[in-house]
Amino acid sequence: MAEALLSLRGVETHIGRYHILHGVELDVPQGGLTMLLGRNGAGKTTTLRTIMGLWRASAGAVRFEGRDITRLATADVARLGIAYVPESMAIFADLTVQENLVLAARSGPPRAERLDRIFARFPALRRFWTLPAGLLSGGQKQMLAVARAIIEPRRLLLIDEPTKGLAPAIIANMIDAFRELKDGDTTLLVVEQNFAFARRLGDTVTVMDDGRTVHHDTMDAFAADQALQQRLLGLSMDTHQ
Ligand SMILES: Nc1ncnc2c1ncn2[C@@H]1O[C@H](COP(=O)(O)OP(=O)(O)OP(=O)(O)O)[C@@H](O)[C@H]1O
């Protein structure tokens, strides 16, 4: 397996007086797509937020390209080339699609060829270019959120439930977009509830339960073991889509 681009060792996170993560161990291999799975409330979002420095780990270490980033401010984590697409999508509803994308590009105006690739995947964004993002449908907002994350080359994308509420045709577009990113130089860590989607895209899988990482595997091995999926994911995963 390729060397880990990102690794978490013994990560503990408290939110207020609640102890949420209890020693998370995670390796995200360079150049692949790692799926972070688990039942509702298992701690997946908290793990992504801890990597971004949005929650502060109270113990353990987060390392990116061999460097300890546990105590970095979120802006400095982003500057290293890590982008985060939260489940809430974090787009600016009052700004146009264009303004949302321009603001997401840190190093100057977005490059035309990058925009062309985004439009090819998500044509709705070109169609609604001058409209306020708040007028987009849920699926179109999801596309815009992903487009904001990939408007510039990134080393690592952290994406929380990208398929939530999306129609099957849009999910297919999302799969193509993520494959293209993987074939480029982007590593992905994706939280997902839709197991059909997770299986088609993931190279490796880490499963969380009750604030802990309880299983690591290749996606092929995990997808082949239905008893294990049932035990670790229960009924919260939709395996029938
Ligand atoms: N701001 C908060 N204050 C207190 N508890 C929180 C907060 N955010 C999350 N939690 C708790 O932390 C635990 C893990 O939540 P988290 O959102 O990380 O889980 P998840 O695996 O992403 O779940 P889901 O699949 O439902 O989104 C849950 O028990 C949740 O209630």
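This is a predicted model: local features need pLDDT of at least 70, side-chain atom pairs count only at pLDDT 80 or more; totals for chains, interfaces and linings use all residues.
Student: Which residues sit on the face of H7 turned away from its buried side, and what makes them exposed?
Tutor: That face carries the exposed residues Pro168, Ala169, Asp176 and Asp183. Residues are numbered from 1 along each chain as its sequence is written.

Student: Why is H7 called a helix, and how does its span compare with the expected one?
Tutor: Helices are DSSP runs of H or I with at least four residues, and strands are E runs of at least two, numbered from the N terminus. H7 covers residues 168–183, which is 16 residues. The expected span is 1.5 Å times one less than the number of residues.

Student: Which residues of H7 are buried?
Tutor: Ile170, Asn173, Met174, Ala177 and Phe178.

Student: How do you know how those buried residues are arranged around H7?
Tutor: Look down the axis. The buried residues fall within an arc of 135°, so they line one face. The arc is taken from the directions from the helix axis to the C-beta atoms. An α-helix has 3.6 residues a turn, so residues three or four places apart point the same way.

Student: What covers the buried residues of H7?
Tutor: The cover includes strands E3 (33–38) and E8 (187–191), and helices H4 (112–121), H6 (138–149) and H8 (195–201).

Student: Why does Val62 count as buried?
Tutor: Val62 has 24 C-beta neighbours inside 10 Å, so it counts as buried. Its place is in strand E4, residues 57–64.

Student: What does Val62 touch, and what makes a contact?
Tutor: A contact needs C-beta atoms, placed from the backbone, within 7 Å. Leaving aside residues up to four places away in sequence, Val62 touches Leu8, Val11, Thr50, Ile51, Ala57, Ile69 and Thr70.

Student: What makes a set of residues a nonpolar core, and how many are in the largest one?
Tutor: Its members are buried Ala, Val, Leu, Ile, Met, Phe, Trp, Tyr and Cys residues joined through C-beta atoms within 7 Å. The largest such core has 67 residues; among those with the most contacts inside it are Met35, Leu144 and Val146. H6 gives the most to this core, six residues. Val146 touches Val85, Pro162 and Ala177, not counting residues up to four places away in sequence.

Terms used: A residue is buried if 20 or more other C-beta atoms lie within 10 Å of its own, exposed if 12 or fewer, and partly exposed in between; C-beta atoms are placed from the backbone. Two residues are in contact if their C-beta atoms, placed from the backbone, lie within 7 Å.
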